[in-house]
Amino acid sequence: MSALRAKAGRFMLVAIGVLIAAPGLAQTPAVVNGTLEARAATQSIEREINALMARTPGPAWIGYAVAVNGSDREAGCWAADGMTGRTRVGPLKLEGPDTIMVLYRFTGRAVQQIRLASPECPLDAGGLTIHWLTGVRPADSVDYLETLAADSSRRVGNSAITAIALHADTTATERLIALARDGRNSDVRGTALFWVAQRAGDKAIGTITGGLDDPETDVRKKAVFALSQLPKDEGVPKLIEVARSHRDAAVRKQAMFWLGQSRDPRALAFFEQILGQ
């Protein structure tokens with residue numbers, strides 16, 4: 001009987017150890033057609049990635065999981081790259097996960113692609129290695145993604161901005177606002193404006209209004225679209241103001257278009273007023 005008690009005690013200790021380890025294990029993805037090498041991050045994600053790229057000629061992938069912004073907890077297996085939107089795979093689950101996977105494909109010392117996916121997706125690595133980092137700090141992830149948004153190709157930059165927007169970290173909104181105001185090119189500023197409308201709350205309207213005076217026409221048009229993404233009580237009055245008085249005819253035309261799409265009574269009243277003049 002004492003032997004049975006001892007065995008039961010050992011079983012309980014093992015079970016408790018598994019339960020304690022479960023959160024860390026849950027961060028490790030299922031990989032097919034490839035190799036997974038997992039280890040804990042011991043320094044900033046930028047240093048971790050630069051070190052991996054320095055000693056691994058590639059091509060290969062680096063990935064980790066971070067907490068996802070609450071409004072983006074979409075259930076099921078989905079993936080995105082910041083250019084084509086989300087592609088859903090598998091059955092629809094009604095309760096979404098609280099993390100996302102951020103994956104970087106690199107060759108040599110350059111990140112070539114960023115993919116985002118729900119943790120419910122198995123990863124087909126195409127025969128490559130995935131270097132998986134656990135314990136990544138979300139703020140470090142946002143810092144690194146901001147550098148890629150500022151200094152990379154259009155594809156990588158847009159994907160980096162999308163990834164920032166999906167982070168639950170409190171720094172994400174401020175970084176999006178900074179990119180919308182001071183991004184080095186029109187793609188960066190325009191993409192950031194879209195995401196500012198999605199998650200900046202009370203700070204969104206001021207940032208988007210600033211985008212209406214951007215030196216690039218393309219960014220000014222994207223700022224109008226961002227206004228159309230705001231709650232109607234904020235966006236529609238501002239769109240009417242832009243359609244009525246903005247100095248740029250292309251911007252006024254864009255505002256008229258999105259007012260028409262809104263089907264808001266205030267927009268209809270504005271059109272009747274314009275037609276009656």
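**Exercise 1. How many helices and strands are there in the protein chain?**

*Solution.* Let us start with the ground rules. This is a predicted model, in which local features need pLDDT of at least 70 and side-chain atom pairs count only at pLDDT 80 or more, while totals for chains, interfaces and linings use all residues. Residues are numbered from 1 along each chain as its sequence is written, and side-chain values use heavy atoms, with hydrogens and water left out.

Now count the DSSP runs, numbered from the N terminus: helices are H or I with at least four residues, strands E with at least two. The protein chain has eleven helices and nine strands.

**Exercise 2. Find which residues have the most contacts inside the largest nonpolar core.**

*Solution.* Buried means under 20% relative accessible area, exposed over 50%, and partly exposed in between (1.4 Å probe, protein chains only). A nonpolar core is a set of buried Ala, Val, Leu, Ile, Met, Phe, Trp, Tyr and Cys residues joined through side-chain atoms within 4.5 Å.

Step two: the largest such core has 61 residues, and Tyr-104, Ile-114 and Ile-208 have the most contacts inside it. Helix 4 (residues 154-166) gives the most to this core, with seven residues.

Step three: look around Ile-114, taking contact as heavy atoms within 4.5 Å. Beyond its neighbours within four places in sequence, Ile-114 touches residues including Tyr-104, Leu-145, Val-156 and Ala-160.

**Exercise 3. Decide whether helix 4 is largely enclosed, and check its span.**

*Solution.* Begin with burial: eleven of the 13 residues of helix 4 are buried, so this helix is largely enclosed by the rest of the structure. The buried residues include Val-156, Ser-159 and Ala-160, which are also contacts of Ile-114.

For the span, the expected value is 1.5 Å times one less than the number of residues. Helix 4 reaches 19 Å from its first C-alpha to its last, close to the expected 18 Å.

**Exercise 4. Classify the ring pair of Tyr-64 and Tyr-104, and locate both residues.**

*Solution.* Rings of Phe, Tyr and Trp (its six-membered ring) pair if their centres lie within 6.5 Å; planes under 30 degrees apart count as stacked, over 60 as edge-to-face and the rest as tilted.

The structure holds seven aromatic pairs. Tyr-64 and Tyr-104 are 5.9 Å centre to centre with 40° between the planes, and the pair is tilted. Tyr-64 sits in strand 3 (residues 60-67) and Tyr-104 in strand 6 (residues 99-107), 40 residues apart, linking distant parts of the chain. Both Tyr-64 and Tyr-104 are buried.
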